[in-house]
Amino acid sequence: MPPTRSGLARRQYGVAALFTAPFFLLFFTFTLAPIGYGGWLSLHREQTSGLGLGGEPEQVFVGLDNFTRALTDGQFLGSFVTVGVYCLVYIPVMIGIALVLALLLDSAYARAKRFFQLALYLPNIVPGLIAAMIWTYLYTPGLSPIIDALEQVGIPFHLGSDAGAVGAVANLTTWMHTGYNVIIFFAALQAVPREVIEASTVDGAGQIRIAWSVKAPMIRGAVVLAVLFTVIGAMQLFTEPFIVRDAATTIDQAWTPSLYIYQLTKAYDMGGAAAASLILTVVLAVASFLVTRFSKKGATL
C-alpha cells in the first residue's frame with residue numbers, strides 16, 4: 001500500500017530534523033548556553049565570607065548592579081568612542097582599497113591574476129599576534145626603516161598620541177584583512193554577466209566607467225556583507241592593540257571594550273565582565289541592524 005500524503009510529510013519532516021539536529025545542538029551548546037550563563041553571571045557578584053580571611057567565595061545576587069556599574073564607568077563608555085573613531089578610519093579605507101584592487105584584478109588588462117590574488121591574501125594567514133609583533137617593530141623609532149624614512153622626508157610619526165595609536169592599529173588591520181576582502185569581491189565580480197560588460201563596451205564606456213558604473217553596483221551585496229563582518233570584527237578589537245600598547249603609551253587597559261572586559265576577568269570580576277560583554281553584544285547587534293538597514297535603504301534609492 002503506497003504511503004499517504006500525511007505519511008510522506010512526516011517522513012520529510014523527520015529527514016529534515018535529522019539533518020538540522022547537529023546545527024541546533026551546536027548552536028545551543030556554543031551560542032545560547034554561553035549567553036545564558038553570561039546572563040546569570042551578570043546578575044551576580046562573587047563575595048568572600050568571613051571578612052576576607054580565607055572564607056569560601058559565594059555568588060551573591062546583585063540584580064542590575066553590574067550593568068549600572070559598566071554604563072556609568074567613563075572608561076567603558078570611552079572605549080566605545082575610541083573603537084568608533086577606529087571604525088570610521090579603518091572600514092572605509094580597507095573596504096575602498098579592497099574594492100579598487102578587486103576591480104583592477106577583474107579588468108581586461110590585468111595579468112598574473114592568480115599570483116596577485118595569492119600575494120594579496122598572504123597577510124590574512126598571518127596570526128594577529130605575529131602581525132602585531134611585526135608592526136610593533138616597524139613602529140619603533142630607531143629600529144624601523146619605515147619610521148626613519150618618514151622622518152627623513154619630514155613626516156613625523158608618534159605612537160604616543162591618540163591619533164597615532166588609532167592610525168597604527170588601523171594600518172595594521174588594513175594590512176591583514178584587505179586581501180581577504182579582495183578575494184570576496186573578486187569572486188563576486190566573476191558572477192557579473194559578461195554580456196552586460198560587453199554591451200557597456202559596445203556603448204563606448206571605458207574600463208573605469210564600467211568598473212564604477214556597472215561592476216561595483218552589481219556586487220553591492222558582497223560589499224555590504226564585507227562591511228557587516230568588518231564592523232563586527234572591528235568592535236571586538238583586542239589582539240592588535242593589546243600587543244601594540246607596549247609601543248603606544250596612549251593605549252591603556254580600557255582602550256577598546258574587549259580590553260576593558262579582559263581587565264575585569266583578570267581582576268576576577270566575572271559578573272562585571274559578563275555584564276560588559278552583554279552590553280557589547282547588544283551594541284554589535286544594533287550596529288549590524290543599522291548596516292543592513294541603511295544598505296537596504298540605499299538599494300531602494
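1. Buried, in this note, means under 20% relative accessible area, exposed means over 50%, and partly exposed is in between, using a 1.4 Å probe and protein chains only. The model is a predicted one, where local features need pLDDT of at least 70, side-chain atom pairs count only at pLDDT 80 or more, and totals for chains, interfaces and linings use all residues. Residues are numbered from 1 along each chain as its sequence is written, and side-chain values use heavy atoms, with hydrogens and water left out.

2. Staying with Q263: you'll find this residue in helix α12, residues 257–266. Helices here are DSSP runs of H or I with at least four residues, strands are runs of E with at least two, and both are numbered from the N terminus. What does Q263 touch, not counting residues up to four places away in sequence? R245 and Q253, taking contact as heavy atoms within 4.5 Å.

3. After α12 comes Y268, with a positive phi near 60°. Most residues other than glycine have a negative phi, so I'd look at this spot in the viewer. Y268 sits in the loop between α12 and α13, and at 62% relative accessibility this tyrosine counts as exposed.

4. Now the salt bridges, of which the structure holds three. The criterion is a side-chain nitrogen of Lys or Arg within 4 Å of a carboxyl oxygen of Asp or Glu. One of them joins R69 and D269, at 3.1 Å from N to O. R69 belongs to helix α2 and D269 to the loop between α12 and α13 (270–300), so this pair ties together parts that are 200 residues apart in sequence. R69 is partly exposed at 34% relative accessibility, whereas D269 is buried at 15%.

5. Another pairs the side chains of D65 and R45, at 2.0 Å from N to O. This one also links distant parts of the chain: D65 is in helix α2 (residues 65–71) and R45 in strand β1 (residues 44–48), 20 residues apart. D65 is partly exposed, with a relative accessible area of 32%. R45 falls in the partly exposed class too, at 25%.

6. The remaining bridge runs between K215 and D106, at 2.9 Å from N to O. Why does this pair tie together parts that are 109 residues apart in sequence? Because K215 lies in helix α9 while D106 is in the loop between α3 and α4 (113–121). K215 and D106 are both buried.

7. Over to helix α7 (residues 162–189), which holds T174. At 12% relative accessibility, T174 counts as buried. Leaving aside neighbours within four places in sequence, T174 is in contact with Y90, M94 and I97.

8. Last, the record. An unreviewed UniProt entry annotates "transmembrane region" at residues 12–37, 83–106, 118–138, 218–238 and 270–291; the positions follow the numbering used here, feature names are shortened, and annotations may be inferred rather than shown by experiment. In the model, residues 83–106 are 96% helix and 0% strand, with end C-alpha atoms 33 Å apart. Residues 218–238 come out at 81% helix and 0% strand, and their end C-alpha atoms lie 34 Å apart.
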